Amino acid sequence: MINKFYGFDEKPFSLTPDPDFFFFSKDHIDALEHLIYGISEGEGFLLLAGGIGTGKTTLSRVLINKLGDAIVHSLILNPFQEFKDLLKNILWDLGVIPEGTTRNQLINQLNGYLLNEVSIKGKTALIIIDEAQNLSVEALEQLRVLSNIETDKEKLFQILLLGQEELVQKLELQELRQLNQRITIRFYLSPLKKNEIEAYLNFRIRKGNPKRKIAFSKLAVKEIYRFSKGVPRLINMI
């Protein structure tokens, strides 16, 4: 009904993580540049943290699109699973049918695929784990061990952890100190600044329909910021 009334081709304030509607604030641009740099340098672990609704998941989609054919990737959206199931889902995402029944067999299958299908073609494999604060300590430690898959000269894949503030706190645990030391690229994504709200609103409306002219009053923009504190998801809900 809203689309029909305002003449939008697409809902401008949808809650889905659509990279076409991604607003490049200064903070989001900096985050993307950090991640692209870390991947280009072959860093093993990367961390993107931030509050709920700040755009971490959407930014990961933008990153995938930006890297294009240079990478193969796995996007894990459900961290509530045993490590063996995690390995199976990574293989499925990479287009490999899991054949092993044990953790070691699955790791060997992943290793063989990365060596024979990815590295040899000069590509990079990227594993993105969303809501990573919900991974168990054991699963995080297993990921560290898994990251030891490498040749004499390079890592065969990289892992990007997306998570809330709790992930940063969890990584400070004594039992995860080795993993924490391996995360060389870190970025904390902040909400939009007060002076970015109007630009965000106008950008989303133009994406919904470039020909549609809808203006928010200064008071409306101020109220939207007051309620949302600059969190994109909350702005969209409002």
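I count two strands as paired if DSSP finds at least two bridges between them. For the elements themselves I take DSSP runs numbered from the N terminus: helices are H or I of at least four residues, and strands are E of at least two.

**Entry: ground rules.** I am looking at a predicted model, where local features need pLDDT of at least 70, side-chain atom pairs count only at pLDDT 80 or more, and totals for chains, interfaces and linings use all residues. Residues are numbered from 1 along each chain as its sequence is written, and side-chain values use heavy atoms, with hydrogens and water left out.

**Entry: the sheet.** S2 and S3 (residues 124–129) are joined by six bridges in the parallel sense. I then traced the open sheet of five strands, which pairs in parallel in the order S2-S3-S4-S1-S5. S2 (71–76) and S5 (183–189) are at the edges with a single partner strand each, so one side of each has no neighbour in the sheet.

**Entry: helices on the sheet.** Here I use contact (heavy atoms within 4.5 Å). My angles run from 0 to 180 degrees between N-to-C directions, with axes fitted to C-alpha atoms, for helices over the stretch in contact. Helix H3 (residues 56–67) lies across S1, S2, S3, S4 and S5, at about 155° to S4. Helix H4 (residues 83–93) lies across S2 and S3, and I note about 140° to S2.

Entry: I checked Glu131, whose phi is positive, near 50°, although the residue is not glycine. Glu131 sits in the loop between S3 and helix H6 (137–146). Is Glu131 partly exposed or buried? I find Glu131 partly exposed, at a relative accessible area of 29%. My cut-offs are under 20% for buried, over 50% for exposed and partly exposed in between (1.4 Å probe, protein chains only). Lys229, also not a glycine, has a positive phi of about 55°. I located Lys229 in the loop between helix H10 (218–228) and H11, and Lys229 is exposed at 54%.
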